[in-house]
Amino acid sequence: GYFIFMSNPQHISASLLTKTQRSTTDAEVLVSKVLIIDQDAQDNFSLCKALSENHYDFCCTSSLEKAFQALVTYQPDVILLNIADIGPFTLDICHQIICQGSTRAIPLIMISRSQNSRDKAKAFEVGCADHISKPFEITELLMRLNNQLTFQATHKQVDRLNKELEQRVLEHTLQLQTVHQRLKASEERLE
C-alpha cells in the first residue's frame, strides 16, 4: 500500500489510502505534493521526516503498481524515485512515468547510490529532471526539490501567460475583422 501525509495542521495524519482528493479554498495555502517511490527503504524515514518538517504533503509507496495509481489519484507536483542502483529496470520505470501524457510535466528526481557518470547520464536521457547521489544531505535534497518546484511553477506561469496572450490576440483580431467588415460595408454604401 501507500500512505499520504498532509502537512496541513488540521489534517496531520499518516494513513493507508487507496484514493485521495484535495479541495482547496482561496484562503488555503497551496502546499507542494511529493510522490516518493521508495525502492530503497533505508532512506525512507529521513525523507519523510524532512518533507513533513518542511511542510510538504507527500505520498510514499514501495509498490510500482500503487505508484502508478498515486500518479492519478494524488496528482503530485514532483516525484522522488529512491532506488539503490540505476539499471535497466529503473530506467524503464522512469521512462514509463515520464512518457505518460498526464505525468509528462511532473519533474522526476532520482536518488541512487550510483556514482557512475554513465548511469547518471542514462537517467537524464530517459527524462529525469535531476539526480541526487547517496549518501545525500537533506538540505541539498530540499534545495533541489525546491528548484524543480520553482522551475515547474515558472513554466506553468509562462504557459498561462502565453494562453492569455493568445486569447487577447484572438480577441483583437476579431475586433479588427469586425471593424474592417464595417469599413468595407460603409465604402460599398458610399459607392
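Tutor: Let us begin with Gln 75, which lies in the loop between helix 2 (64-73) and strand 5 (78-82). Helices (H or I, at least four residues) and strands (E, at least two) are DSSP runs, numbered from the N terminus. The model is predicted, so local features need pLDDT of at least 70 and side-chain atom pairs count only at pLDDT 80 or more, while totals for chains, interfaces and linings use all residues. Residues are numbered from 1 along each chain as its sequence is written, and side-chain values use heavy atoms, with hydrogens and water left out.

Student: Is Gln 75 buried or exposed?
Tutor: Gln 75 is exposed, because its relative accessible area is 53%. Buried means under 20% relative accessible area, exposed over 50%, and partly exposed in between (1.4 Å probe, protein chains only).

Student: And what is its phi near?
Tutor: Phi of Gln 75 is near 50 degrees, a positive value in a residue other than glycine. Most residues other than glycine have a negative phi, and most peptide bonds are trans. His 55 also has a positive phi, near 65 degrees. His 55 belongs to the loop between helix 1 and strand 4 (57-61), and it counts as exposed because its relative accessibility is 55%.

Student: Where is there a cis peptide bond?
Tutor: The cis bond joins Lys 134 and Pro 135, with omega of about -5 degrees. Pro 135 is in the loop between strand 7 and helix 5.

Student: What about the whole fold: how many helices and strands does the protein have?
Tutor: There are five helices and seven strands. Along the sequence, they follow the pattern β-β-β-α-β-α-β-α-β-α-β-α. Of the 191 residues in the protein, 36% are buried.

Student: Let us change topic. Where is Met 110, and is it buried or exposed?
Tutor: Met 110 is in strand 6 (residues 108-112). It counts as buried because its relative accessibility is 0%. Leaving aside neighbours within four places in sequence, Met 110 is in contact with several residues, among them Leu 81, Cys 94, Ala 123 and Asp 130.

Student: How far apart are Met 110 and Asp 130?
Tutor: They are 20 residues apart in sequence and 6.3 Å apart in space, C-alpha to C-alpha. Asp 130 is placed in strand 7 (residues 130-133).

Student: Why does Asp 130 count as buried?
Tutor: Asp 130 counts as buried because its relative accessibility is 11%. The side chains of Asp 130 and Arg 144 are joined by a polar contact of 2.6 Å. A polar contact is a pair of N or O atoms within 3.5 Å; within protein, one must be able to donate a hydrogen and the other to accept it, and residues adjacent in sequence count only if both atoms are side-chain atoms.

Student: With which side chain does the side chain of Ser 114 make a polar contact?
Tutor: The partner is the side chain of Asp 119, at 3.3 Å. A polar atom of the Ser 114 side chain also lies 3.3 Å from the backbone nitrogen of Asn 116. Ser 114 is in the loop between strand 6 and helix 4, and it counts as buried because its relative accessibility is 6%.

Student: What happens at the start of helix 4?
Tutor: At the start of helix 4 (residues 117-125), a side-chain oxygen of Asn 116 reaches to within 2.7 Å of the backbone nitrogen of Arg 118. Just after helix 4, Gly 127 takes a positive phi of about 115 degrees.

Terms used. Contact = heavy atoms within 4.5 Å.
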